[in-house]
Structure formats: structure tokens, C-alpha cells
Amino acid sequence: MQFIDRVEIEVEAGKGGDGIVAFRREKYVPAGGPSGGNGGKGGSCILVATSDLQTLLDFKYNHRFKAEDGSRGGPNNRTGANGSDRIIQVPCGTVVYDAETDEILGDIIEPGQTLCIAEGGKGGLGNQHFLSNRNRAPEYALPGLPGEQRLLRLELKLLAEVGIIGLPNAGKSTLISTISAAKPKIADYPFTTLVPNLGVVQKPDGDGAVFADIPGLIEGAHLGVGLGHDFLRHIERTRLLLHLIDATAADPIANYQTIQEELLAYDRGLPERPQILALSKIDAIDPAQTDLEQLRQQLQELSGNQVFLISSATRSGLDNLLQQIWQMLEQTEVLV
């Protein structure tokens, strides 16, 4: 399945039904009089969040949506039927923008949450509405009003409690595949992960927490370099960041600083987000060449955060890491 997280769609609400001109002509109603009914209201376009969708893929092939028009009014003061609303399902976590003004129209978070993004046109008035002492037989009615038309941009921001970040090949995909049932592509070269991967990790109480493996960031990601610019927004909603640093890298300290600078440049609250640091791939370290404990102390002093030593291949240190994650999640608020 393709991961599509940004699309543009066109929506058009239904036109209101026209009012009509009609007069009563029953045999036993000598006064007669106007009896043209009002037109029905046009249907609206409404977005509805659903947990059944994980991407915006459906909108790649179907990007124009129109609601039903309202019906004309009828004689004998009958109002026309309202047009049916057009219900458009989107994944939870979808942010809706007006593509022309860049205004945020809404942010759909919870399953079942709705957002009306194009209001149906009002029905026209029939001639019975214009009856007055001066005009006992009005011979005009109003047409229905057109429905709203909009060009929208939908952006998906994944709803995950923990965002796993780090430079390419830091071990993010291996970690999420080890602690959850997710099966991302894993290889020993950078940019193996081209789309975010979600995995549900079971908590000690039996509940599940969603982890998001974010494609590797590189220097300049906030400016659009590499893949990071497209996916940084997926960690905006996370409650906690797990920063993986490859212990086998030539300069793990510099790698840590690179990611922190990108978070700071991107901003949107990410630099203040609680973080846990973990030195990964410790099973591949030669103790004679690298002093892991000294490296950990340096990172802790630099970051002010606790640093864990882990190996996803051998599961070393993962239990302690997850225990710390559960404790920190209990202490942090849910972000929307």
C-alpha cells in the first residue's frame, strides 16, 4: 500500500432547489392565491474521521467530490427535498487547509469527528412567500443559491505516542520491528525507510502504545533536504521522542547535534518535546576501540537526558528502555 500523506481535492456543495410560481385552483377555494413552494437546501460536503484509513491514498485517484442538489419546490406550498450530504472519510489526524489561502479549516483527530468544509446552497423562495396586501398574486420566485466550492489541501499527521527519530541507518526500523509486529524494510544502507512505519507496542497493563518510525533525517531536513522535510510533521503530535544514535558511527556526538539542530530549526514545539536518547547497535561495538560508558556520559551531560545502551538484534537494554518510556508517557499530556 502506498503511503500518501498530502493531497489536494475539490469539493462542491449542492445547489439549492429553485422556488416555483404556482396558484391554488381548487373548485372550493374561491380566493385562490399563490402556492409555490420553496426549494430544498443543497447537500453539504462533510469530512468524517475514521480509524479504518491510515493514508490519503484514496484521494490520489478520486479527488473531486460533489454533494446532491436540492429539489425544486412544489405546488400547494410543498417544499422541495433537501439534497443529500456528501460524506468523505479521512484518516484520523488529518489537517484541512484552504489550498488557495493556506488557512487551516480544521483538524480532525477522533474517530467519528466531522467537519463541514462546503455548505450547501439555500433553497429559493416560492411565490407564496411574497404574498402581501399590496401584491395578492406574486408571479415571481427566487432561484436556489449555489453551494460552496473549495480547493482543499489535506495533510496527514500520524497519531503516535512515541516518535522514533535519528539519522539514516541509526536502527529505527530494526527497533520497531523488534518491539512490535511492524515489518518495515531493513537493510544496511541509508534511507531504507522511505515512509513512516507504525507499530503497536504492548504496555505492561495490556494496553497498546503506537510508535512511529520516522524516515531518517539529515542536515538541512527542515529546508527540504532529503526525506525529513516531508515527514517531520508526523512527529508534531507525538508525546515523546525516542532519539536513536548509532554507536558505531564515526562521531555519535555530532550525529546527535545534527538532529537537535533540525528539530530546533523546524520548531513547532519539537525542541521542547520530552526525549529519551539511546545508543543503538552496541552489539557491534569493539570495547577495545570504543568506551560506551564514556560516550554515554558525554551524551547525558550534553543533552541533560538519560541515555540508554541498546541492541535491537540481541534485545539488550530494551526492557529498561521501554520501562522508561512507559513512565514518561504517564507524565506527559496528550498532544493534539
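These legends accompany close-up views of one predicted protein model.

**Figure 1. Overall composition of the predicted model.** The protein has 336 residues, and 49% of them are buried. Its secondary structure comprises 6 helices and 14 strands. The accessible surface is about 16,700 Å². Carbon and sulfur atoms account for 47% of that surface.

**Figure 2. Helix α2 and its cover.** Helix α2 runs from residue 172 to 179. The helix is mostly covered, with 6 of its 8 residues buried. The buried residues are Lys-172, Ser-173, Leu-175, Ile-176, Ser-177 and Ile-179. Four strands are part of their cover: β9 (162-165), β10 (197-202), β11 (208-213) and β12 (240-246). Helix α6 (318-331) also contributes. An α-helix has 3.6 residues a turn, so residues three or four places apart point the same way.

**Figure 3. The salt bridge between Glu-155 and Arg-6.** The closest N and O atoms of this pair are 3.4 Å apart. Glu-155 sits in strand β8 (residues 149-156) and Arg-6 in strand β1 (residues 6-12), so the bridge ties together parts 149 residues apart in sequence. Arg-6, at 41% relative accessibility, counts as partly exposed.

**Figure 4. Arg-153 and the salt-bridge network around Glu-155.** Glu-155 also meets Arg-153 in a salt bridge, with an N to O distance of 3.0 Å. Arg-153 is buried, at a relative accessible area of 14%. Salt bridges with shared partners join Arg-6, Asp-102, Arg-153 and Glu-155 into one network. The whole structure holds 13 salt bridges.

**Figure 5. The salt bridge between Glu-12 and Arg-64.** The side chains of Glu-12 and Arg-64 meet at 2.8 Å, N to O. This pair links distant parts of the chain, 52 residues apart. Glu-12 belongs to strand β1, and Arg-64 to strand β3 (residues 64-66). Glu-12 counts as buried because its relative accessibility is 17%, under the 20% cut-off. Arg-64 has 43% relative accessibility and counts as partly exposed. Side chains of opposite charge can pair when their charged atoms come close.

How values were computed: Residues are numbered from 1 along each chain as its sequence is written. This is a predicted model: local features need pLDDT of at least 70, side-chain atom pairs count only at pLDDT 80 or more; totals for chains, interfaces and linings use all residues. Side-chain values use heavy atoms; hydrogens and water are left out. Helices (H or I, at least four residues) and strands (E, at least two) are DSSP runs, numbered from the N terminus. Buried means under 20% relative accessible area, exposed over 50%, partly exposed in between (1.4 Å probe, protein chains only). Accessible areas come from the Shrake-Rupley method with a 1.4 Å probe; for residues, only the protein chains shown count as cover. Contact means heavy atoms within 4.5 Å. A salt bridge is a side-chain nitrogen of Lys or Arg within 4 Å of a carboxyl oxygen of Asp or Glu.
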